[in-house]
Amino acid sequence: MHAEHSIDEAGPKVYGMVAEFDDPDRIVAAAQKAFDAGYRKLDAYTPFPVHGLDHAVGFKKNMVAPLVLLGGLTGASAGFLMQYIAAVLHYPYLIGGRPLLSWPMFIPITFEMGILFAAFAAVFGMFALNGLPMPYHPVFNAPRFELASRDAFFLCIEAKDDRYDEVETRSFLEGLGAKQVSVVEA
Amino acid sequence: MAVVQNRLTDIDPQPPLLEPGHDYGTLTDKVGDIVDRKPHPRAWIVTMAVASLLLLLFLNAVGYLFVKGTGIWGINVPVAWGWAIINFVWWIGIGHAGTLISAILLLLMQDWRTSINRFAEAMTLFAVACAGMFPLLHMGRPWLFYFILPYPNTMALWPQFRSPLVWDVFAISTYATVSALFWYTGLVPDLATMRDRAKNKLAKIAFGMASLGWRGSARHWSRYEMAYLLLAGISTPLVVSVHSVVSFDFAVGIIPGWHTTIFPPYFVAGAVYAGFAMVLTLAIPIRKLYHIEDIITMKHIDNMAKVMLVTGLVVSYGYFTEAFFAWYSGNIYEKYMMFSNRMSGYYAWSYWALIFCNGFVPQFLWFKRIRSNVYALFAISIVVSIGMWLERYVIVVTSLARDFLPSSWGNYHGTIWDWATYLGTIGLFLFLFMLFIRFVPMVAIFELKALLYSQKHNGKAH
């Protein structure tokens, strides 16, 4: 309410409009309706992963899996190459005529290195794609947003969306059964 | 997933994983309040005091070790490994249950892991920290530990990559790193919850930093869940590989009693066995102390007891196979090791104590009355922990003390410094664990809420 007031007078930058829901199923339906109504710059904030919500807000390209595969392959090949260089090129050691490239003995370290790099890719890649760490985000200004990690579900339509309109978007969100709709400053 | 579960519950109605009457808010409060609770329960303070004393004992033992060298331990030639390696394998095995619960049970879609995975993972992390102490200290000059890592050096030397001891370095350090990443990734959304709940400014800042600004965006959750699933997917072969590599430390050697192919699977089963015993040892007092019996229900306790029974049977089968192949091989050294040495030699007490602890006592877990009695389960899990320690004692000591040549035989006993170091790591473990309980939510809050959500949905589907 506070935010709304200041917009009328001076007009600080607006990040978007946030609607609060109290049920996970309701927010999936609301997000789907918003997407179907043509809104594209929208996101939902929930205390736990809600199945289908990512598709409802139009998120389809999850790049984490290919990244992890790439990480694993990088680690495994680097691990094998390291052992190859050590045992064949840098420090060849002939023991009873046994082959220098005794590859079965190199498998454990190759495997562990693959796992290690895949895990790095999964964790650091996921956080990087999510743009975290990011201590400040405008959506934290939404009223009651501290409940987004507890039991409230928020749908945000951003002001940069082409269809965003102070009045129309508000009445649209209210029509979806939101508990509360408010404007969020950037 | 849901279809299969519904069908199973139709056939065999199970007690609930969450006691009824919870909503998203009360679950958040239930777990979050444990951290915010003031003053903290007296039992926590007492345990912390004991843990701190044991930690001091550890620091003293290590300090004296640095001054005098590994001679203060009972190790000798031929038994150069002694308690240090026994304790190393014991701790690393305990850690494996945490990964099993968080990764393998996630892949198998076992909902009951949700209430216990967080603190089982913490247990893994701290157990690995304790395990890591032993090979380092056992080096004699631990400040030169980096000699075993591949790094560019003026001697132009590489580690011997064909050695299981070098594999071990890679396996254990990868395991410690991945466990820490897995644990922290699981923690981030809950740290955000703690940030949003915090009244105290300092706590808000600390949780705010640690939660990386998590805001629960649908896009973030989508990537998060994928990353978490893949971490579980890669942790599963990892945990199997780690204890297999640990068993290679023995199995690749030619010492009688070590040189067997049963070692990798039987070590992995033993690790899960010991780990579940430790999870029960921790879970039984914690759920009572913090009144979270509605989150860690008797269903969880019962399931853990069943896993313990199954892995205990696998381990017992391993003991049987060892004995059978010692006889069937026709090799005089293997036969001597098994029958004349382990079963009836100088260390026979340790072998039969091991069979009693790991083979006989867990048979009580067949009975539902035992599995629903937390006192009996607590006692059994302590016995299993002792049994698993004895198993490594039998493997390390009896084999090294009696190898091929009688002229190189020699007996071995741990000294008071072995005891001090061992008890000291228990102190380190408890110390870290108590800090964990005090400062971060010990049950995965967001996963509990997701569980509640899926339960509501399954209910509606009927």
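Q: How many residue pairs are in polar contact between chain B and chain A?

A: The model is a predicted one, and in it 25 residue pairs are in polar contact between chain B and chain A, counting pairs with both residues at pLDDT 80 or more. On the chain B side, α2 (24–36), α6 (164–197), α8 (218–251) and α16 (445–461) each supply at least two of the residues that touch chain A. The largest share of that side, 17 residues, comes from α8(B), and the residues of the side as a whole divide into 30 nonpolar, 13 polar and 11 charged.

Q: How much area do chain B and chain A bury between them?

A: The size of an interface is often given as the accessible area lost when the parts come together. Here chain B and chain A bury about 5,300 Å² between them, and 69% of that area lies on carbon and sulfur atoms. Of the area that chain B buries against chain A, 16% is supplied by B:R162, B:R215 and B:R223, which is more than any other three residues supply. In residues, the contact takes 54 from chain B and 62 from chain A.

Q: How many salt bridges are counted between chain B and chain A, and which side chains meet in one?

A: The count between the two chains is 2 salt bridges, and one salt bridge joins the side chains of A:D43 and B:R219, with N to O at 3.5 Å.

Q: Is α8(B) largely enclosed or largely open, and what span does the helix reach?

A: Of the 34 residues of α8(B), 25 are buried, so the helix is largely enclosed by the rest of the structure. From its first C-alpha to its last, α8(B) reaches 49 Å, close to the 50 Å expected at 1.5 Å a residue.

Q: Where is A:T46, and is this residue buried or exposed?

A: A:T46 sits in the loop between β2 (42–45) and α3 (53–56) of chain A, and its relative accessibility of 2% is under the 20% limit, so A:T46 counts as buried. The side chain of A:T46 reaches the backbone oxygen of A:F48 at 2.8 Å. Leaving aside neighbours within four places in sequence, A:T46 is in contact with residues of both chains, including A:L53, A:F153, B:G216 and B:W221.

Q: What separates A:E174 and A:R170 within their helix?

A: An α-helix has 3.6 residues a turn, so residues three or four places apart point the same way. A:E174 and A:R170 are 4 residues apart in helix α6 (residues 166–175) of chain A, which means that about one helical turn separates them. The two form a salt bridge whose closest N and O atoms are 3.8 Å apart; A:E174 is partly exposed at 44% relative accessibility, whereas A:R170 is buried at 15%.

Q: Which parts of the chain does the pair of B:D190 and B:R118 link?

A: A salt bridge joins B:D190 and B:R118, the closest N and O atoms being 3.1 Å apart. This pair links distant parts of the chain, with B:D190 in helix α6 of chain B and B:R118 in helix α5 (residues 117–138) of chain B, 72 residues apart. B:D190 is buried at 0% relative accessibility, and B:R118 is buried with a relative accessible area of 2%.

Key:
Residues numbered from 1 in each chain as written. Chains lettered and ligands numbered in written order. Predicted model: local features only at pLDDT ≥ 70, side-chain atom pairs only at ≥ 80, totals over all residues. Heavy atoms only, no water. Contact = heavy atoms within 4.5 Å. Buried area = accessible area lost by both parts, 1.4 Å probe. Salt bridge = Lys/Arg side-chain N within 4 Å of Asp/Glu carboxyl O. Polar contact = N/O pair within 3.5 Å; in protein donor to acceptor, adjacent residues only side chain to side chain. Nonpolar A, V, L, I, M, F, W, Y, C, P; charged D, E, K, R; others polar. Expected span 1.5 Å × (residues − 1). Buried < 20%, exposed > 50% of the residue type's maximum accessible area, 1.4 Å probe, protein only.
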